[in-house]
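User: I would like to go through the labels given to this structure and see what stands behind each of them. Please set the values against the cut-offs.

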Amino acid sequence: MRDYSENKETCGTICLKYLLFIFNFFFWLAGGAVMAVGIWTLAEKSDYISLLQSNTYMATAYILVVAGVVVMITGILGCCATFREQRSLLRVYFILLLCIFLLEVIAGILAYIYYQQLNTELKQNLKETMTQKYMKPEEVSVTSAVDKLQQEFKCCGSHNASDWSDSEWIKSPDALNRKFPDSCCKTVTDKCGQRDHPSNIYKEGGCITKLENFIQEHLKIIGAVGIGIAFVQIFGMLFTCCLYRNLKSEPY
């Protein structure tokens, strides 16, 4: 009877080991995906960060990058802890899983909160940022972001093209009689912003709604990835607890 109980316990432990190993393999892949989403957000979409007053959007991306790196390291540690059957390593693995879980939940919550606040922030600050900082020598990133925004989304100004009438640069001699930045033109050529005509300038609408939709879509991705991976980690923590309990009752 004792031999049967020991065999049953050993069989259960072996099953848990392989389940945890499979989990760690997919967890490691998920860590790469999380890190990739964070890097993609920072590398490809960072141009527009200079147009935002809050650093929340950038912070959520950095959290994902850090979480992704830690996930990949944790996945390797989890495999070692599983096959070496060391309770001390399993404890470290569990603590790291818990830390990653908290990081990704925080990223998801930040993304959700900023998603709700984005409209108000853009309405309050985007026009001022575009008209007061555009073409300032110390605001090169803003100038680049505004030009890319207007060309990529085929828009002009924050709410509409007339916003540029309040621009310090447009009022200055440096504008060379331009009424709009050249990036407002449907076909960009040197000084094309001097000609105010719907066939030349994007006058159908401003950039605020398009930028808001763009950022909100990426916040959805960041939030979904963070919360999704955090949910999967719950299973990893459960597997770890079960394996640790089984090992605890076994002789060294």
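User: Where is the kink in H3 centred?

Analyst: The kink in H3 is centred on Gln117 and amounts to about 45°. The bend at a residue is the angle between axes fitted to the seven residues ending there and the seven starting there. This is a predicted model, in which local features need pLDDT of at least 70 and side-chain atom pairs count only at pLDDT 80 or more, while totals for chains, interfaces and linings use all residues. Residues are numbered from 1 along each chain as its sequence is written, and side-chain values use heavy atoms, with hydrogens and water left out.

User: What span would a straight helix of 47 residues have, and what does helix H3 span?

Analyst: A straight helix of 47 residues would span 69 Å at 1.5 Å a residue, the expected span being 1.5 Å times one less than the number of residues. Helix H3, residues 87–133, spans only 58 Å between its end C-alpha atoms. Helices here are DSSP runs of H or I with at least four residues, strands are runs of E with at least two, and both are numbered from the N terminus.

User: Why is Met135 called partly exposed?

Analyst: Buried means under 20% relative accessible area, exposed over 50%, and partly exposed in between (1.4 Å probe, protein chains only). Met135 has 39%, so the label is partly exposed. Leu176, with 42%, is partly exposed as well.

User: Why is Ser158 called buried?

Analyst: The relative accessible area of Ser158 is 1%, so Ser158 is buried. Ser158 is found in the loop between helix H4 (140–152) and helix H5 (168–171). Leaving aside residues up to four places away in sequence, Ser158 touches Leu126, Lys127, Met130, Asp163, Gly206, Cys207 and Ile208; contact means heavy atoms within 4.5 Å.

User: What makes Asp163 and Lys127 a salt bridge?

Analyst: A salt bridge is a side-chain nitrogen of Lys or Arg within 4 Å of a carboxyl oxygen of Asp or Glu. The closest N and O atoms of Asp163 and Lys127 are 3.9 Å apart, so the pair meets the cut-off. Asp163 lies in the loop between H4 and H5 and Lys127 in helix H3, so the pair ties together parts that are 36 residues apart in sequence. Asp163 is buried at 7%, whereas Lys127 is partly exposed at 28%. Lys127, Asp163 and Asp166 are linked in a network of salt bridges.

User: How many salt bridges does a search of the whole structure find?

Analyst: The search finds seven. Among them is Lys136 with Glu168, at 3.2 Å between the closest N and O atoms. This pair links distant parts of the chain, Lys136 in the loop between H3 and H4 and Glu168 in helix H5, 32 residues apart. Another is formed by Lys203 and Asp196, at 2.3 Å from N to O.

User: Which helix gives the largest share of the nonpolar patch?

Analyst: H1 does, with eight residues. The patch residues include Phe25, Trp28 and Phe83. Patches are made of residues with over 30% relative accessible area and no salt bridge, nonpolar side chains (Val, Leu, Ile, Met, Phe, Trp, Tyr) being joined within 5 Å and like charges within 9 Å. Phe25 has 44%, so Phe25 is partly exposed.

Terms used. Accessible areas come from the Shrake-Rupley method with a 1.4 Å probe; for residues, only the protein chains shown count as cover.
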